[in-house]
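Dear colleague,

Please find below the structure that I am handing over to you. My findings follow directly after it.

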Amino acid sequence: MEEFKGQPRLPKFAVPKRYDIRLTPDLTSCKFGGSVVIDVDVVGDTKFIVLNAADLTINNRSVSFTNKASSKALEPTKVELVEADEILVLEFAETLPTGMGVLAIGFEGVLNDKMKGFYRSSYEHNGEQKNMAVTQFEPADARRCFPCWDEPACKATFKITLDVPSELVALSNMPVIDEKVDGNMKTVSYQESPIMSTYLVAVVIGLFDYVEDHTSDGIKVRVYCQVGKANQGKFALNVAVKTLELYKEYFAVPYSLPKLDMIAIPDFAAGAMENYGLVTYRETALLYDDQHSAAANKQRVATVVAHELAHQWFGNLVTMEWWTHLWLNEGFATWVSYLAADSLFPEWKIWTQFLDECTEGLRLDGLAESHPIEVEVNHTGEIDEIFDAISYRKGASVIRMLQSYLGAECFQRSLASYIQKYACSNAKTEDLWAALEEGSGEPVNKLMNSWTKQKGYPVISVTVKEEKLELEQSQFLSSGSPGDGQWIVPITLCCGSYDVCKNFLLYNKSDSFDIKELLGCSISKEGDNGGWIKLNVNQTGFYRVKYDKDLAARLGYAIEKKQLSETDRFGILDDHFALCMACQQTLTSLLTLMASYREETEYTVLSNLITISYKIGRIAADARPELLDYLKQFFISLFQNSAEKLGWDSKPGESHLDALLRGEIFTALALLGHKETLNEASKRFHAFLADRTTPLLPPDIRKAAYVAVMQKASASDRSGYESLLRVYRETDLSQEKTRILSSLASCPDVNIVLEVLNFLLSSEVRSQDAVYGLAVSIEGRETAWKWLKDNWDHISKTWGSGFLITRFISSIVSPFASYEKVREVEEFFSSRCKPYIARTLRQSIERVQINAKWVESIRNEGHLAEAVKELAYRKY
């Protein structure tokens, strides 16, 4: 018995082939009963059967094992549920006969409120509070609903039967084959599923409306949502039908189930979950309301739907062998969701926006406390934390880098053959590389191992000496410390125009090239800004670039003269900012570069410029508070040009990107304290309070208005704050609620900040949404940290071991910038650290250390004050 405890994986002497599951949930008492009959192939000599179970009460008398050949039923001599390891150990008197047998188990459980396993979500119907029952099994919570081999490689077929109140809608992965009504209860049976992993099994029971459509090959697609919200499902339905058609072509394999349901759940921890044939979503990621949703909400719905549907092939049909390969699922689905969105909405320039994914990956991977894309997982408690920017965003970025290196057609061909080969089975990272290597003839395995097996990424330093171009790679760390990684880097570069473009692999630490031979151009002497060299063309590579002073000046000039693509303008700015944070470039040089962007018009570039200005403002408040007003003046001058062009009101026929930009620019001006913006926002907000359908405050600028209102709110003038809370309480649209929550804590008055934080813990805020309210103003940092400590017991009990709890730590700890705070945080958590927050805690503390070092560097920077004042008052 002891040998099964403390093991990361289940023993392999019995293999499940088919599950027959029956569940009877009681939505009033929030309990459920159930039974499972599992066809098991006993492949080794054993007296034991070991499978996963957690938070269940097993009915010991119901447990039996029957060998199919002898039909002899064996009852276990011992049934033990080991909660610490989430396993159920059944011991029998004699060695079990090998071959096929049937294991039967009866059990009971609780519909919990933790948004995992088999749980309850609440909703209102005709003014009455009701419960629905929902499952969320990824990564390892199917075991909380029924005993099973809860590992992705243990694929089986599933036959599900539900006993539910007759007025409710009951959904599962497969279509209904039979429904028997008996008084006020009904028994619903579903078709048997194809072979699949336990984490993809799903059940949802409640009151729902739906909208429906079909693909050209007859697959029925539905979007389910709360009664009365069916119209809000039409946009997602349309995206889903088109995306299924697109993926069928792209992967050269049709969608493998007869139907696809997508359903909005009011309480949902993640953004969405790709359960086979029954995809569950947060309301904000599936519902779109013409009247009250912003352009950003529309884009979110499209990309999340495309991401989840990509999983129906990549993840569900072909599944990772173990959680070490999670990135194969998530990185790939992220990358391909951009491919789909770009095909459906070319005007969104979604591949330019992909740079935001890239930047988030680079940001996390610049930490010493990052982890490789392929990460060893030894305990299920560690899995939640790797659903992060490395698995999703770095994963997607290195796939994009590889695709642009191999070429789109070759990549697609090889991918289709990989999916055909591993359909209904499991695969590892190496299997994908092998398929791509075979299709391309390139050393994919060798190239990609340097990106997935070690953490981090390189910065390529570029210098020109006597017509020679010198490249050197070293590991980039945001702390500025040296790292020892080395990569095979796909280098792309162009000189003076995009007509001459070279690409090659950099294998060594450094290399030098004759510019004329390599690029057919020459870089003339200093003072002539005509020639420029840009590495990592269009930012397809997952690395940063540091240029020597002369090359950097030439690129600044090329930006002003509009000679560079928007993706390259983004990359030059983002790399310079990262190098400045790592104390490898001065803040003066970064601000001077930012001034070159004063005529920038592209959404993604401006959006990053805004984000960077926030970060500089925060660090300057700690390092040089006396310069803050001048910096704000400079940033306002950078954004005013665009703000004036866009105006507060949308123009007929304007682009999706203009709508996105308008919201971000006015939010930025409000946070910078720009008087005209604050006054205009206040005027429009009051018109909105008087009439919620006013054209003066459409969804795209609401967040800006809410933030502006909170800039003026204080303990002595609470009217704006109270009004926003009223809007929050009156709306039933999740997107509106999260828009308000994400604005409230931006208030500079610490008394209001504390009230907002306490409000997040109240019953008025669903626990899935509390994390939206943690973005506090710089004035509120200390208040938020004290609040976190005072409420830690309650927070850790409520958000438990889910991944949402990590947001509390990263949001509240990361913004600090002193070594003293590092000691305080370490001390507080020394007795409170659990495995599922350990990685996030280390990363957050490292960010504080990076900020503290950056503050010291800025304090010691000579001539900064003169440069900032000159930029603040520069007339263009």
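Of the 876 residues in the protein chain, 60% are buried, where buried means under 20% relative accessible area with a 1.4 Å probe, counting protein chains only. Please note that this is a predicted model, in which local features need pLDDT of at least 70 and side-chain atom pairs count only at pLDDT 80 or more, while totals for chains, interfaces and linings use all residues. Residues are numbered from 1 along each chain as its sequence is written, and side-chain values use heavy atoms, leaving out hydrogens and water.

The chain has 26 helices and 29 strands, which are DSSP runs (helices H or I, at least four residues; strands E, at least two) numbered from the N terminus.

Strand β20 runs parallel to β18 (residues 259-265), with 5 bridges between them; strands pair if DSSP finds at least two bridges. Here Asp261 stands opposite Leu278. Strand β19 (residues 272-273) is antiparallel to β20 and joined to it by 2 bridges, with Ala272 as the bridge partner of Tyr281. The hairpin of β19 and β20 has 4 residues between the strands, and Gly277 there takes a positive phi near 75°.

Terms used
Buried < 20%, exposed > 50% of the residue type's maximum accessible area, 1.4 Å probe, protein only.
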